[in-house]
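User: I am new to this structure. Please take me through it in questions and answers.

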Amino acid sequence: MTTTYVSTEDTPAGPFTAVVDQDGVVLASGWTADVAELLVPMHATLRPTTEPVARADLGPVSAAVRAYHAGDLDVIDGIEVRQRSGEFLEHAWRVLRKVPAGEPISYTAYAAMAGRPDAPRAAASACARNAAALFVPCHRIIRTDGTLGGFRWGLDVKRWLLAHEDRGDARR
């Protein structure tokens, strides 16, 4: 693996860290300052073999993180992400990127969008194994009864994100 870079931004939802490759493609991200925590869900073929190099700014990725948290909810859509796994998970992660901000859907609806309407647990697994939080917005998936379900970065962060996106309609 070539050099990877890491940067942490302070956000209203807590510290947000992104790991990118030499081309600025997001490999992992989430609301933590602990880089090691971000590397755990990464596929072995993408995981850095050397310590990621800290940078104050990751260019378009950092700009998108700041803009999203400031209210530009669609800015994350243009950021390239690279994740690896089996065919279904890779497809499911691409589908997650199509769930609009401010319009959370159930795990059941997400499973149907991903082509497996009878497999909401598989859809939930795709969310749980998502290494690129925010850019692959698994926080937009909730339980059928409207409760939040789980989130790697905590329910307080998920609640904040959903409220932020709900209020953000006027800012898009």
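This is a predicted model: local features need pLDDT of at least 70, side-chain atom pairs count only at pLDDT 80 or more; totals for chains, interfaces and linings use all residues.

User: How many helices and strands does the protein chain have?
Analyst: Read along the sequence, the elements of the protein chain follow the pattern β-β-β-α-β-α-α-β-α-α-β-α. The secondary structure comes to six helices and six strands.

User: What is the radius of gyration of the protein chain, and what does the globule rule give for 172 residues?
Analyst: The C-alpha trace spans about 40 × 35 × 25 Å along its principal axes. For 172 residues the globule rule gives 16 Å, and the value for the protein chain is close to that, so the chain is as compact as a globular protein of that length. The radius of gyration is 15 Å.

User: What share of the contacts between residues at least 6 apart in sequence join residues at least 24 apart?
Analyst: As background, 49% of the 172 residues count as buried. Of the contacts between residues at least 6 apart in sequence, the share joining residues at least 24 apart is 56%.

User: Is the pair of F16 and W31 stacked or edge-to-face?
Analyst: The structure holds three aromatic pairs. In the pair of F16 and W31 the ring centres are 4.8 Å apart and the planes stand at 70°. Planes over 60 degrees apart count as edge-to-face, so this pair is edge-to-face.

User: How many residues apart in sequence are the parts that F16 and W31 tie together?
Analyst: F16 is buried, with a relative accessible area of 1%, and W31 is buried at 7%. F16 belongs to strand β2 (residues 14–20), while W31 is in the loop between β3 (26–30) and α1 (35–39). The pair therefore ties together parts that are 15 residues apart.

User: Which residues form one aromatic cluster with W31?
Analyst: W31 also pairs with F151: their ring centres are 6.1 Å apart and their planes at 50°, so that pair is tilted. It links distant parts of the chain, 120 residues apart, with F151 in the loop between β6 (141–142) and α6 (155–167). Both W31 and F151 are buried. The residues that form one aromatic cluster with W31 are F16, F135 and F151.

User: Why is α3 described as largely enclosed, and which elements do its buried residues pack against?
Analyst: Seven of the ten residues of α3 are buried, so the helix is largely enclosed by the rest of the structure. Those buried are F88, L89, E90, A92, W93, V95 and L96. They pack against α4 (107–113), α5 (120–128) and β6.

User: Which side chain of opposite charge is nearest to E90?
Analyst: E90 lies in helix α3 (residues 87–96). Leaving aside neighbours within four places in sequence, E90 is in contact with Q83, R84 and S85. E90 is buried yet has no salt bridge, and the nearest side chain of opposite charge, 4.4 Å away, is R94.

User: Which residue lies over the face of F88?
Analyst: Two arginines can be described here. The charged end of R55 sits over the ring of Y5, 3.8 Å from its centre. Over the face of F88, at 4.2 Å from the ring centre, lies R116.

User: How far apart in space are P48 and T3, C-alpha to C-alpha?
Analyst: P48 is placed in the loop between α1 and β4 (53–54), and at 14% relative accessibility P48 counts as buried. P48 and T3 are 45 residues apart in sequence. In space, C-alpha to C-alpha, their separation is 7.5 Å.

Definitions and conventions. Residues are numbered from 1 along each chain as its sequence is written. Side-chain values use heavy atoms; hydrogens and water are left out. Rings of Phe, Tyr and Trp (its six-membered ring) pair if their centres lie within 6.5 Å; planes under 30 degrees apart count as stacked, over 60 as edge-to-face and the rest as tilted. Helices (H or I, at least four residues) and strands (E, at least two) are DSSP runs, numbered from the N terminus. Buried means under 20% relative accessible area, exposed over 50%, partly exposed in between (1.4 Å probe, protein chains only). A charge sits over a ring if NZ of Lys or CZ of Arg is within 6 Å of the ring centre and within 35 degrees of the ring normal. Lys and Arg count as positive and Asp and Glu as negative; His and the chain ends are not counted. A salt bridge is a side-chain nitrogen of Lys or Arg within 4 Å of a carboxyl oxygen of Asp or Glu. Contact means heavy atoms within 4.5 Å. The radius of gyration is taken over C-alpha atoms; the globule rule is 2.2 Å times the number of residues to the power 0.38.
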